[in-house]
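This briefing concerns how two protein chains meet. Please consult the sequence and the structure shown below while reading.

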There are 2 protein chains.
Amino acid sequence: MRLIRVNMQQGKALSEPVPPVYEKLGGRALIAKLLLEEIPPASDALGPNNKLIFCPGLLGGASVAAGGRLSVGGKSPLTGGVKEANAGGTAGDALGKLGIKAVVVENQPEAGRFYLLHIHGEIADLLPADDLRGFGTYAVSEKLQERFGKSSTIISIGQAGEQLLLGACIACTGEADQRSNLAARGGLGAVMGSKGLKAVVIEKPTGGGMQPANKELLRSTAQAFAQKLINDPKLGTQGTQHLYGTASIVGAVNEIGSLPTRNFSTGNFEGAGDLRGEHMRETILARGGKVGTRCMPGCTIACRNLYVDEKGKAIVGTLQYETISLMGSNLGLANLDDVALLNYMCNDFGLDTIETGAALGVLIEAGLASFGDAKGITALLRQVGEGTPLGKLIGSGAVTCGKVFGIRHVPAALGQAMPGYDPRSLKGNGVTYATSPQGADHTAGNAFGARAQVNPLATEGQKELSLKLQIIAAMLDSTGLCLFARPPVIAEPQLMANMINGIYGWNWTVEDLDHFYRDVLRNELEFNRRAGITQADYRIPEYMREEPLAPHQATFDIPDAVLDSVFDTL
Amino acid sequence: MRLIRVNMQQGKALSEPVPPVYEKLGGRALIAKLLLEEIPPASDALGPNNKLIFCPGLLGGASVAAGGRLSVGGKSPLTGGVKEANAGGTAGDALGKLGIKAVVVENQPEAGRFYLLHIHGEIADLLPADDLRGFGTYAVSEKLQERFGKSSTIISIGQAGEQLLLGACIACTGEADQRSNLAARGGLGAVMGSKGLKAVVIEKPTGGGMQPANKELLRSTAQAFAQKLINDPKLGTQGTQHLYGTASIVGAVNEIGSLPTRNFSTGNFEGAGDLRGEHMRETILARGGKVGTRCMPGCTIACRNLYVDEKGKAIVGTLQYETISLMGSNLGLANLDDVALLNYMCNDFGLDTIETGAALGVLIEAGLASFGDAKGITALLRQVGEGTPLGKLIGSGAVTCGKVFGIRHVPAALGQAMPGYDPRSLKGNGVTYATSPQGADHTAGNAFGARAQVNPLATEGQKELSLKLQIIAAMLDSTGLCLFARPPVIAEPQLMANMINGIYGWNWTVEDLDHFYRDVLRNELEFNRRAGITQADYRIPEYMREEPLAPHQATFDIPDAVLDSVFDTL
């Protein structure tokens, strides 16, 4: 395998053998290590000393079901710490098949100049891309697929990334015209913008692709793994996650009183019924949209949808739970058509919908629009594309909006907005939000699925649950597997070891895996420590400890000392 | 002496005896200790758990020349750490004469309600002040002096503090109609706004005032001290600081190439001649304004001026060096009339001119106006009073403006904008900016006056110089003395000990004093440590290490390891 280093100052991309220190790493694990080794921890996240890393997980390119996610990483301009955000689509698979361990984008070009990185076979070139400037991610990927072929994968930023907005994300194309698989969190789109990199084009690999070390071991374990996914009652052809996607949980989160509503001021939304996955599916099918499609080659879960308007015209795909909660109930909007439009706009601007939904919630509390006023909210969001000062502020995320407008109710941890679970009534998630080196992030260890084992309102057991989930998340994010593929990996971890061994010819045991994944968290925490992040930063906002949340009148009451001890047994 | 605790939630102000832990402390020393003892270090600076402290220094009320400054403190919403900002005027003297060690404002009222604290004799009352809402500090102090008497001291916030803008300051009235002695830095005006406190009225004390323990010792040493000030060649009736005020150094800072110019992009300003103190004095005198007036009772330095327009009408008083550099050369403005108008607007809105000048410099780099375009810049600043989103952003300070507009050239340390000395060509100040627990602050240890002893461009000697100056600054800020009163205190420290002993009947030696002042820094650093501030935060912006500054092509090249060791010998 090889590593591509792209020097944006010199305008050159060069391949090199993978340095030994990175050889056994992939995805989030590789990003954590690379940050520790190569990025001065106190450096300016939008300056020349930060690096932007694209890499597949360890399973990337091996055609393992649900195993082709792309990890993107760097120092986050939003949290000031380590950041890995991963996206579905075809990029992870394509990079893996090309034998590319990572693309590391370094330094900066002359201010205001934009380039695209063109990867085809053995070659990687930087080409001028000033003509793409100002376009959203939809137009950019369309133009580039016209130019480089429909089967090319396009990774791009929109206006938000160009403007270096801290809520900017990175969009990846997927199977069959999909334009919005997003490495959403932590402002990595701004890092890409700061590198003057408007897009990466990966031409579809031709030829045999990856040569696994033990073809038979890989084939048999990958097949067993895929079968387990198909047999899983939640993931199979009648499973809720296949039928309704991530939106399947809207009703349940509302029932436990954790659905972010009107800037996290209550945990129940009276309009939740119209936001449910079941309702979404009916609407899409009645209008002629798509459900049950996949983003990655070979995925058997196929949780994706294409939400369309009343005339059957595409609005956005895929409409997901976090967007529905942050841009739906959190803004007082009970109509999926409204949420879908806001979602499309964010995707096109290249903005994280969680961060932006939280920012809009804060600005509505500040009086800039009304909860439930779709027209007013859409007008606010439109300003991002127009580049007005208010638009830039909206795109800067919830914490900055709270600072500028003097709003104390900012649902965020480590500078990053909380996803769709109020931590006061799902306390395990509160522990994860506060302590994850990634900032408030549901994919870093989501306790919602464990609510039958640990009472979401209890203070006991949350710390242990969060640690366990954070380790599993570090595993999934390092292999390229989707979060939804978690059940069989937990049930039979040797499967995972064998898939990796099949690809690389290693002899990893389950213990090796465990050690490996714990190291990911250790490296991330160490980078953050060097970057100046302390226990005083790993916190839940003060107001969530003081202001009770309906309907349970719950506060976040897990003591700081408990938060400080989460990683004691790491 | 007594301490007044004002509970804004209960609407009550109660006097209590001074707790023993605070007995021997004043000004900045008292604030540092009170923060450590009473404020949870990770608390929200604009939430109910922060406290706002007003206190005189140890000399307050004793009629010592230049010794009546008011210290204001709390956790800073701008730096996230300890903050003490002090102001001239009559407040420190009045509080001292009333036997008030400190006024500690706690908790918060119902959102949107404003109050004023009325202190007269033994009594302190909270009164409704919603009728003052929306007014600037000039109108507020005029209205309140009409109501409570011309001799009352008024401490107030303007629109910026009401809006909780992070660059908001606190204005104090002084002798003879002066309305703008400012506790400027660190966003304490926003803390005052968050407490719903629009103003404090201190009626002029009647009767004998403070009863010193050793009247004769106080009288004789205070007299000797005043005489030393009068005899000082810089401070006496023909001294530059008396004649030209703080603006006396414009020419010299420009000459060493450290004058912030066009967002700190060069250290020389072609228009510096027209900004010089000498030119200012001539202009003021020719137009019928005032120079050589004092802000505090009994001050013999009298560095203050009243800058007037061509018709002799007051624009602002007092026009000072930091404002002239940050809102003059830093914005490309070479006309003092323009600077004076911006200064007046900031004072009336209750905005720190350093923070706001730096913010405007950043926004001009972002393209929102042009350097040198007074009309465009004034229009930008006007938005603060109008409460527009852009106005709120301007008032939020340089770091937030840089974040929102993706500008990397943000002259700040620990979240606070740098004052009027580019640290690349005055490296001692760079050490102070980076390492002071107060953030970038010239009053925390200004190396400019020591340029004959330590070459401003050398890397050697700066660390030792900065530490020495930071200790002296902690001393002055704890006694209520003005920075200009530094020379005799350094020359004969026993004078200071004897003044304190004369007031309190203690037996402090010069060694006691030294220990006391070092403790101030120790306590501040400890509060910051607990608040999550680390060595990674005590830094000079990365770009100042990389981009050389004309005319010396100097970078800030004092290694981080040296910065980390400044307090090793504290």
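The rule finds two salt bridges across the interface of chain B and chain A, a salt bridge being a side-chain nitrogen of Lys or Arg within 4 Å of a carboxyl oxygen of Asp or Glu. In one of them, A:Arg408 pairs with B:Asp44, and the closest N and O atoms lie 2.9 Å apart. This is a predicted model, in which local features need pLDDT of at least 70 and side-chain atom pairs count only at pLDDT 80 or more, while totals for chains, interfaces and linings use all residues. Residues are numbered from 1 along each chain as its sequence is written, chains are lettered from A in the order in which they are written, and side-chain values use heavy atoms, leaving out hydrogens and water.

**Extent of the interface**
- In chain B, 30 residues are in contact with 30 residues of chain A (contact means heavy atoms within 4.5 Å).
- The two chains bury about 2,300 Å² between them, 60% of it on carbon and sulfur atoms; buried area is the accessible area (1.4 Å probe) that two parts lose on being put together, summed over both.

**Symmetry**
- Chain B is superposed on chain A by a rotation of 180 degrees with 0.0 Å of shift along its axis (RMSD 0.0 Å), using least squares on the C-alpha atoms of residues with pLDDT of at least 70 in both.
- That is the relation of a two-fold axis.
- The copies meet through the same surface, because 100% of the interface residues of chain B are also interface residues in chain A.
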